[in-house]
Amino acid sequence: MVIAAILLVPPLLGAPDNEVKINPNVVVYNEESSPFKVLACDSESVTVSSLEGIKGDSILSAGVTAATPNGLLRKIVSAEPVMDGYLIETAPA
């Protein structure tokens, strides 16, 4: 005798199956609509034109752009002013 069971699990946190839920502390960068511009990035930092829309506990997320050629998913550690904007020290998110 073979017994099979299917477990139907409702979507997490009440979100519909086709909805993407982004945590409130995640800042998704969009070249056309974000209030700041990503000027440069490397594995340890991101340089942005302003801190508008970015908080100290934010996680920065970006797709592939000229300034983020590998995309970006980094947690903010600290920020300091530099000549062109702000240098944000980051850690893996």
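View 1. Val26 is partly exposed, because its relative accessible area is 23%. That value falls between the 20% limit for buried and the 50% limit for exposed. This is a predicted model. Val26 lies in strand 1, which spans residues 26-29. Leaving aside residues up to four places away in sequence, Val26 touches Ile59 and Ser61. Strand 4 covers residues 59-62. A further pair to look for is Val26 and Lys55. They are 29 residues apart along the chain, and their C-alpha atoms are separated by 9.5 Å.

**View 2. Asn25, in the segment before strand 1.** Asn25 sits in the segment that precedes strand 1. Is Asn25 buried, partly exposed or exposed? Its relative accessibility is 27%, so Asn25 counts as partly exposed. The side chain of Asn25 reaches the backbone oxygen of Asp57 at 3.3 Å. Gly56 is 31 residues from Asn25 in sequence. In space, the two C-alpha atoms are 9.3 Å apart.

View 3. Which residues make the nonpolar surface patch? Val20, Ile22 and Val28 do, over about 290 Å². Ile22 belongs to the segment before strand 1. Its relative accessibility is 48%, so Ile22 counts as partly exposed. A residue must be over 50% to count as exposed.

**View 4. Cys41 in strand 2.** Cys41 is found in strand 2, which covers residues 38-41. Cys41 is partly exposed because its relative accessible area is 26%. What does Cys41 touch, not counting residues up to four places away in sequence? The partners are Val46, Ala67 and Thr68. Thr68 is 27 residues from Cys41 along the chain. Their C-alpha atoms are separated by 6.3 Å.

**View 5. Ala66 in a loop.** Ala66 lies in the loop between strand 4 and strand 5. Is Ala66 buried or exposed? It is exposed, because its relative accessible area is 79%. Ala66 and Glu31 are 35 residues apart along the chain. The separation between their C-alpha atoms is 9.8 Å.

**View 6. Arg74, a buried charge in strand 5.** Strand 5 runs over residues 72-82 and holds Arg74. Arg74 is buried, yet it has no salt bridge. How far away is the nearest side chain of opposite charge? That side chain is Asp42, at 6.8 Å. What the side chain of Arg74 does make is a polar contact with the side chain of Thr90, at 3.0 Å. Other residues that Arg74 touches include Ser43, Glu44, Ser58, Ile59 and Leu60. Ala91, Pro92 and Ala93 are also among them. Residues up to four places away in sequence are left out of this list.

View 7. Thr90 is found in strand 6, residues 85-92. Its relative accessibility is 10%, so Thr90 counts as buried. The limit for buried is under 20%. Seen from this side, the 3.0 Å polar contact joins the side chain of Thr90 to that of Arg74. Which residues does Thr90 touch, not counting residues up to four places away in sequence? They are Ser43, Glu44, Ser45, Val46, Arg74, Lys75 and Val77. Ser43 and Glu44 are also touched by Arg74.

**View 8. The whole chain, for orientation.** The protein chain has six strands and zero helices. From the N terminus on, the order of elements is β-β-β-β-β-β. There are 93 residues in the chain, and buried residues make up 28% of them. Take the contacts between residues at least 6 apart in sequence. Of these, 43% join residues at least 24 apart. The chain exposes about 6800 Å². Carbon and sulfur atoms supply 57% of that area.

Definitions and conventions:
Residues numbered from 1 in each chain as written. Predicted model: local features only at pLDDT ≥ 70, side-chain atom pairs only at ≥ 80, totals over all residues. Heavy atoms only, no water. Helix = DSSP H or I, 4+ residues; strand = E, 2+ residues; numbered from the N terminus. Buried < 20%, exposed > 50% of the residue type's maximum accessible area, 1.4 Å probe, protein only. Lys, Arg positive; Asp, Glu negative; His and termini not counted. Salt bridge = Lys/Arg side-chain N within 4 Å of Asp/Glu carboxyl O. Polar contact = N/O pair within 3.5 Å; in protein donor to acceptor, adjacent residues only side chain to side chain. Contact = heavy atoms within 4.5 Å. Patch = residues over 30% accessible without salt bridge, like charges linked within 9 Å, V, L, I, M, F, W, Y side chains within 5 Å. Areas by Shrake-Rupley, 256 points an atom, 1.4 Å probe, with all protein chains shown as cover.
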